[in-house]
Amino acid sequence: MEIIALITGFALILVGLYGILSKRNIIKIIVGFSLFDTGLHVLIVTVGYIKGGTAPILDSVVGTTDVASKIVDPVPQALVLTAIVIGLGVTSLMLAYALKMYQAKKSLDISDFKDMKW
Amino acid sequence: MIRNFFIIAILAGLAAVFVSLFWNFGDSEVLTPLATHYATNGAAEVGAPNLVTSIVVTYRGFDTLGEVTILFLVASIVSFFLKREKLQPETTPKRETSEIILTAAKLLVPIVMVLGIYVFINGHLTPGGGFQGGAIIATAFVLLLMANPDFKINHKIIATVESVSGIAFVLIGVFGILLAGGFLDNKVLPLGTFGKIFSAGAIPLIYSFVGLKVGSELSNILSNLQGIQKEEM
Amino acid sequence: MNLIIIIVLSLVMIVMAVTAIIHKKLAVAVIATGVVSLMASVMYLLMAAPDVAMTEAAIGSGLSTIIFFYVLNKIRKAK
């Protein structure tokens with residue numbers, strides 16, 4: 001069952017990367033970045049899954065003794081929690097830049113911005 | 001044509017690397033040694049039932065400080081980019097907001113705000129915490145903005161809430177150095193009984209400040225993108 | 001039972017991701033990204049990660065879509 005989630009994560013990364021490399025509209029490139037982020041987070045959480053484990057919360061079912069054989073790995077979940085919020089910050093910053101670029105040249109095509117090319 | 005060919009070649013190479021990586025992926029049956037240490041000693045050392053909260057706030061508290069700093073940077077850069085020079089009068093005639101949104105906003109905004117505050121106060125007992133509660137509060141704020149597009153935000157209140165929360169977070173961390181083990185140690189307040197709301201030391205306090213800071217920063221970003229921030233000259 | 005749910009979720013996610021990249025209209029692409037985030041949130045729940053599921057549902061399919069639509073609206077007004 002984890003193999004299917006792993007394949008989904010990899011497929012989302014590849015689709016996002018194709019969108020970044022081959023599209024010309026700036027907003028489409030930002031959508032590609034967002035898909036890449038989502039696929040990466042799915043991948044990291046899937047790696048930490050233990051067969052037959054439950055959520056890492058010590059309630060009445062899990063108890064407080066011999067916890068290490070009942071729960072899944074909590075460290076990747078803590079990392080992905082931070083990564084999701086930072087992904088939102090980066091997306092909103094990219095959209096603010098795209099707005100300013102549109103106000104400067106009235107075009108959303110990335111091949112019109114050749115000022116800094118050697 | 002050549003460009004397309006190169007893109008397909010890069011993606012095919014990446015796919016080959018991925019396939020070779022998960023060809024030997026077996027299910028792990030046992031936790032890694034680091035996770036075993038957190039699982040067996042988490043309840044005794046930190047005292048919070050939610051293990052992910054105790055990792056984010058106490059064991060890896062420094063990463064949370066870095067993440068809060070990054071959010072602050074993003075909010076200030078977006079606000080710097082999108083300020084308006086002078087207040088041009090709106091040229092397009094505004095439509096009246098529809099009746100459904102006005103009524104729903106009056107009913108839903110208080111309920112959603114209370115839900116957000118509940119989620120970050122109970123962060124150490126049930127799934128939840130500061131980031132989730134902050135995002136829910138920002139969603140309630142967006143509903144308020146949509147119902148009344150002329151809502152004049154008092155920019156000073158949001159800025160004050162955000163600064164006070166950030167300073168309080170760092171101060172609690174420094175108290176950890178003076179009174180207990182290290183930076184952001186949660187034994188500055190007594191641990192209490194396992195499972196009550198006032199247990200686990202300083203974790204509810206720290207997470208409340210993180211939740212308020214994240215909520216006010218996301219609201220700041222959203223109101224800047226809507227374009228109603230006025231310049232206080 | 002879990003296996004069937006995961007297969008259906010994966011298929012919907014991949015089809016929506018390809019739609020988001022290929023379709024010509026920008027509004028459809030943004031909504032497809034929101035649907036991918038929603039399906040990922042359910043998949044996190046099946047992988048025993050409730051904290052991550054709550055965060056992804058609130059931020060990925062809520063705030064991110066709203067931010068995209070604010071910027072698209074400003075571009076359309078300035079045209």
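In the predicted model, helix α7(B) contributes I158(B), V161(B), E162(B), S165(B), G166(B), A168(B), F169(B) and I172(B) to a contact with α8(B), where the partners are L205(B), I206(B), F209(B), V210(B), L212(B), K213(B), S216(B), E217(B), S219(B) and N220(B). By residue class, this contact of α7(B) with α8(B) comprises ten nonpolar, five polar and three charged residues. The two helices, α7 (residues 155–179) and α8 (residues 203–226) of chain B, pack at an angle of about 150°, and their axes are 9 Å apart. Because angles over 145 degrees count as roughly antiparallel, α7(B) is roughly antiparallel to α8(B). The crossing in which α7(B) passes α8(B) is left-handed.

Along the sequence, the pattern of chain B reads α-α-α-α-α-α-α-α. Chain B has 233 residues, of which 35% count as buried. Among the contacts in chain B with a separation of 6 or more, 69% are made by residues 24 or more positions apart.

Between chains, the contact of chain A with chain C was also examined. Chain A supplies 36 residues to this contact and chain C supplies 37 residues. On the side of chain A that touches chain C, the elements giving two or more residues are α1 (2–22), α2 (26–47) and α3 (75–105) of chain A. The most is given by α3(A), with twelve residues. The residues on this side of chain A are divided into 24 nonpolar, eleven polar and one charged.

Notes:
Residues numbered from 1 in each chain as written. Chains lettered and ligands numbered in written order. Predicted model: local features only at pLDDT ≥ 70, side-chain atom pairs only at ≥ 80, totals over all residues. Helix = DSSP H or I, 4+ residues; strand = E, 2+ residues; numbered from the N terminus. Buried ≥ 20, exposed ≤ 12 C-beta atoms within 10 Å, placed from the backbone. Contact = placed C-beta atoms within 7 Å. Nonpolar A, V, L, I, M, F, W, Y, C, P; charged D, E, K, R; others polar. Axes fitted to C-alpha atoms, helices over the stretch in contact; angles between N-to-C directions. Parallel < 35°, antiparallel > 145°, perpendicular 65-115°, else oblique. Left-handed = near helix turned anticlockwise from the far one by under 90°.
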